[in-house]
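Please have the sequence and the coordinates open as I speak.

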Amino acid sequence: MLVHVLLYEAGTESEGIHSLELKGSTVILMFQDRDDAERYCGLLEAQDFPTPSVEELTRVDIEAFCVEAGYEARFVEKGFIPSTDEERLMISPPLSNLEVGNWNNQENIIDKSTSNDQLDDIKKRLENLL
């Protein structure tokens with residue numbers, strides 16, 4: 001199954017995946033619907049946060065990446081209606097975000113080069129499937 005994730009500076013050495021910090025866990029959102037992912041990007045942009053690009057990858061690959069990186073993957077299905085404040089973050093970003101300059105320096109975030117290698121590997125596997 002293909003899902004949509006949000007990447008910053010896709011295809012560059014400083015590529016990163018959008019994540020949320022929830023209760024001490026790093027959460028990666030996987031959107032079933034591209035429109036929902038693009039709407040989330042628009043909400044980030046409205047908060048003056050850098051706008052990520054929407055990339056389509058396999059759910060299995062993103063979940064594997066998250067396991068390897070120590071992240072949690074959360075699937076946002078089309079038409080998702082949140083029932084808690086935490087779930088609301090799956091359709092609308094928090095009011096405050098980490099500064100872009102800080103995301104590579106957080107102690108609990110995996111080494112950037114390792115993350116980039118893993119994302120590149122996922123993209124190559126997806127290209128081979130298509």
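I shall go through the overall fold, then the nonpolar cores, then one histidine and finally the cysteines.

A word on conventions. This is a predicted model, in which local features need pLDDT of at least 70 and side-chain atom pairs count only at pLDDT 80 or more, while totals for chains, interfaces and linings use all residues. Residues are numbered from 1 along each chain as its sequence is written, and side-chain values use heavy atoms, with hydrogens and water left out.

The protein contains five helices and six strands; these are DSSP runs numbered from the N terminus, helices being H or I of at least four residues and strands E of at least two. Along the sequence they follow the pattern β-β-β-β-α-β-α-β-α-α-α. Contact here means heavy atoms within 4.5 Å. Of the contacts between residues at least 6 apart in sequence, 74% join residues at least 24 apart. Of the 130 residues, 38% are buried, that is, under 20% relative accessible area, with exposed meaning over 50% and partly exposed in between, using a 1.4 Å probe and protein chains only.

I turn to the interior. A nonpolar core is a set of buried Ala, Val, Leu, Ile, Met, Phe, Trp, Tyr and Cys residues joined through side-chain atoms within 4.5 Å. The largest such core has 17 residues, and those with the most contacts inside it are Leu6, Leu20, Leu29, Phe31, Tyr40, Leu44 and Val76. At least two residues each come from strand S1 (2-8), strand S3 (20-22), strand S4 (25-31) and helix H1 (34-46). H1 gives the most, with four residues. Apart from this core lies another, of 12 residues, including Leu7, Met30, Cys66 and Ala69.

Beyond its neighbours within four places in sequence, Phe31 is in contact with Val3, His4, Leu6, Asp36, Ala37, Tyr40, Val76 and Met90.

His4 itself is placed in strand S1. Is His4 buried or exposed? His4 counts as buried, because its relative accessibility is 5%. Its side chain makes a polar contact of 3.2 Å with that of Glu56; such a contact is a pair of N or O atoms within 3.5 Å, where within protein one must be able to donate a hydrogen and the other to accept it, and residues adjacent in sequence count only if both atoms are side-chain atoms.

Lastly, the cysteines. Cys41 is buried at a relative accessible area of 5%, and Cys66 is buried at 1%. The whole structure has zero disulfides, defined as pairs of cysteine sulfur atoms within 2.5 Å.
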